[in-house]
Amino acid sequence: NQLQFTSGKCDLQYLKAIVSKMAEKLRFDGRVAVVTGAGSGLGREYALLFGSRGAKVVVNDLGGSFHGDGASKRAADIVVDEIRAQGGTAVADYNSVVDGSKVIETAINNFGRVDILVNNAGILRDRSIAKTSDLDWDLINAVHLKGSFKCTQAAWPYMRKQNYGRIIMTSSNSGIYGNFGQANYSAAKMGLVGLANTVAIEGQKNNIHCNVIIPTAASRMTEDILPDILFNELKPHLIAPVVVYLCHESCKDNGSYIESAAGWATKLNIVRGKGCVLRTSIDQTNTTPEYVQSVWAKITDMTDAKHLDTIGQASGSLLEVLEKLKEGK
Ligand code: NAD
């Protein structure tokens with residue numbers, strides 16, 4: 001609905017309706033939210049906002065360094081105290097997300113259910129591709145990709161049984177666009193997009209939604225990377241309302257990628273060009289690299305590129321190409 005203007009005057013009734021709608025707070029009473037890596041940065045902001053909106057919160061954090069060394073209970077404990085101080089309910093969980101079943105057990109043992117899982121825990125081990133060790137690769141993939149998989153898989157039977165779930169995967173522009181020195185991190189972060197795509201499909205029939213957040217925020221992870229002028233505006237608390245809304249029962253999105261930073265948010269899509277047929281008829285059973293070279297500009301032309309919603313649409317459009325070839329078009 002658009003705001004109605006008549007003779008330059010705003011429709012007062014409509015304005016009142018919007019104001020009263022905004023006054024209805026999105027609540028999470030009776031819901032249990034697990035936020036991984038909630039001891040600092042973005043995760044802490046998500047946990048605080050969930051707590052202030054009535055959710056019972058599991059504040060998971062291993063409490064190590066941002067390179068993935070060490071462990072401490074302090075980070076999670078402080079956030080639990082903050083939530084309780086504002087009148088909310090929270091418990092700490094100190095497990096690594098790699099032990100996803102233990103993280104989810106904390107929710108079940110304390111609150112009897114899990115409705116929301118925000119896979120947020122993360123570390124960085126930046127190296128150029130030439131210098132990336134197996135350890136750099138394995139640790140990054142373990143925490144980001146495997147950790148999100150293990151927590152999601154552990155929450156799955158509970159969400160299926162209650163026919164309700166909201167899951168967030170945390171990606172990054174480093175994955176979407178690439179970033180020098182982050183081969184391991186980029187791969188894991190793009191892997192999370194693939195994981196979310198399939199989790200969204202598998203969860204749909206049980207009202208389990210899975211969406212991706214692509215944040216940019218000032219945190220211990222980015223303090224050495226971002227210029228001061230940007231760092232000061234990129235408050236993590238500005239992203240929390242976006243993630244919290246994505247996890248509300250009223251949000252119908254499933255399989256969306258949402259980018260957010262500095263009090264701004266948008267949806268991101270993968271698009272596909274119109275393409276180019278490499279055969280002149282259905283009877284032509286091969287093509288050549290020279291032909292591909294000759295039509296490369298058409299293959300890579302992104303004019304009228306479109307977003308496809310499903311793998312079925314992708315193979316469906318191939319069938320159309322084959323039909324046209326058969327008809328000699
Ligand atoms: P942060 O370092 O402040 O928070 C990450 C938290 O995860 C830390 O408290 C850490 O102790 C915890 N953690 C690390 N390994 C863990 C493990 N194995 N098990 C449980 N907890 C663990 O960083 P942040 O900037 O708030 O990042 C949060 C998420 O957002 C990360 O996944 C990060 O990759 C992603 N992200 C951040 C930005 C940004 O600009 N800050 C950009 C893109 C993506």
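Here is a short chat about the predicted model shown above.

Visitor: Before we start, what should I know about the numbering and the model?
Guide: Residues are numbered from 1 along each chain as its sequence is written. Local features need pLDDT of at least 70, side-chain atom pairs count only at pLDDT 80 or more, and totals for chains, interfaces and linings use all residues, since this is a predicted model.

Visitor: Which helix gives the largest share of the shell around the ligand?
Guide: The shell has 32 residues, with Gly37, Gly41, Gly122, Ser172 and Ser219 the closest; being near means that the C-beta atom, placed from the backbone, lies within 6 Å. H2 (41-52), H5 (134-162) and strand S8 (208-216) each supply at least two. Helices (H or I, at least four residues) and strands (E, at least two) are DSSP runs, numbered from the N terminus. The largest share, three residues, comes from H2.

Visitor: Which residue in S5 stands opposite Val59?
Guide: Strands S4 (residues 56-60) and S5 (residues 89-93) run parallel and are joined by five bridges; a pair needs at least two bridges found by DSSP. In S5, the residue opposite Val59 is Ala92.

Visitor: Where is the kink in H5 centred?
Guide: H5 has 29 residues and reaches 40 Å from its first C-alpha to its last, close to the 42 Å expected, which is 1.5 Å times one less than its number of residues. The kink is about 40°, a bend being the angle between axes fitted to the seven residues ending at a residue and the seven starting there.

Visitor: How far apart are the end C-alpha atoms of residues 31-205?
Guide: This stretch is 52% helix and 14% strand. Its end C-alpha atoms are apart by 20 Å.
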